[in-house]
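This briefing goes with the sequence and the structure shown below. Please look at both before reading on.

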Amino acid sequence: YFEAGNSELAEKYFRKAVEIDPAHFSHPQLFLAEIHLRRGDKQAAIADLESFLKHHPDWPQAAVMREKIAAWKK
């Protein structure tokens, strides 16, 4: 649904994926963050990225994500 541009259904199923397995290798939080950023909802994107980092603290781009989160919170 994400690739097809149907953000409503994509969000629904990515949320379900996070509920089932927040540490899943497909990283649904990253897609949710992208959906929320496209809608202009930085607070929701921050929550998504913080959830992602909780489960993947050693992600190669973790430091960059943390910097973006800090900047968005200002």
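Is Tyr 1 buried or exposed? Tyr 1 is exposed, with a relative accessible area of 52%; buried stands for under 20% relative accessible area, exposed for over 50%, and partly exposed for what lies in between, with a 1.4 Å probe and protein chains only. The model is a predicted one, in which local features need pLDDT of at least 70 and side-chain atom pairs count only at pLDDT 80 or more, while totals for chains, interfaces and linings use all residues. Residues are numbered from 1 along each chain as its sequence is written, and side-chain values use heavy atoms, with hydrogens and water left out.

**Overall fold**

- The protein has four helices and zero strands, where helices (H or I, at least four residues) and strands (E, at least two) are DSSP runs numbered from the N terminus.
- Read from the N terminus, the order of elements is α-α-α-α.
- The radius of gyration is 12 Å, close to the 11 Å that the globule rule gives for 74 residues, so the protein is as compact as a globular protein of that length. This radius is taken over C-alpha atoms, and the globule rule is 2.2 Å times the number of residues to the power 0.38.
- The C-alpha trace spans about 30 × 25 × 20 Å along the principal axes.
- Of the contacts between residues at least 6 apart in sequence, 38% join residues at least 24 apart; a contact means heavy atoms within 4.5 Å.

**Surface and charge**

- Of the 74 residues in the protein, 31% are buried.
- The accessible surface comes to about 5000 Å², and carbon and sulfur atoms hold 56% of it. Accessible areas come from the Shrake-Rupley method with a 1.4 Å probe, and for residues only the protein chains shown count as cover.
- There are 11 positive and 11 negative side chains, and the centres of the two sets lie 4 Å apart. Lys and Arg count as positive and Asp and Glu as negative, while His and the chain ends are not counted; the charge is placed at NZ of Lys, CZ of Arg, CG of Asp or CD of Glu.

**Aromatic pairs**

- Rings of Phe, Tyr and Trp (its six-membered ring) pair if their centres lie within 6.5 Å; planes under 30 degrees apart count as stacked, over 60 as edge-to-face and the rest as tilted.
- By this rule the protein has five aromatic pairs.
- One of them joins Tyr 1 and Tyr 13, which are stacked at 5.6 Å centre to centre with 15 degrees between the planes.
- Tyr 1 lies in the segment before helix H1 (7-20) and Tyr 13 in helix H1, so this pair ties together parts that are 12 residues apart in sequence.
- Tyr 13 is partly exposed, at a relative accessible area of 42%.
- Phe 14 and Phe 31 are also stacked, at 4.8 Å centre to centre and 10 degrees between the planes.
- That pair links distant parts of the chain, with Phe 14 in helix H1 and Phe 31 in helix H2 (residues 28-38), 17 residues apart.
- Phe 14 is buried at 18% relative accessibility, whereas Phe 31 is partly exposed at 29%.
- Ring pairs also bring Phe 2 into a cluster with Phe 14 and Phe 31.

**Single positions**

- His 27 sits in the loop between H1 and H2 and is buried, at 15% relative accessibility.
- The phi of His 27 is near 55 degrees, a positive value in a residue other than glycine. Most residues other than glycine have a negative phi.
- Ala 44 is in helix H3 (residues 42-55) and counts as buried at 18% relative accessibility.
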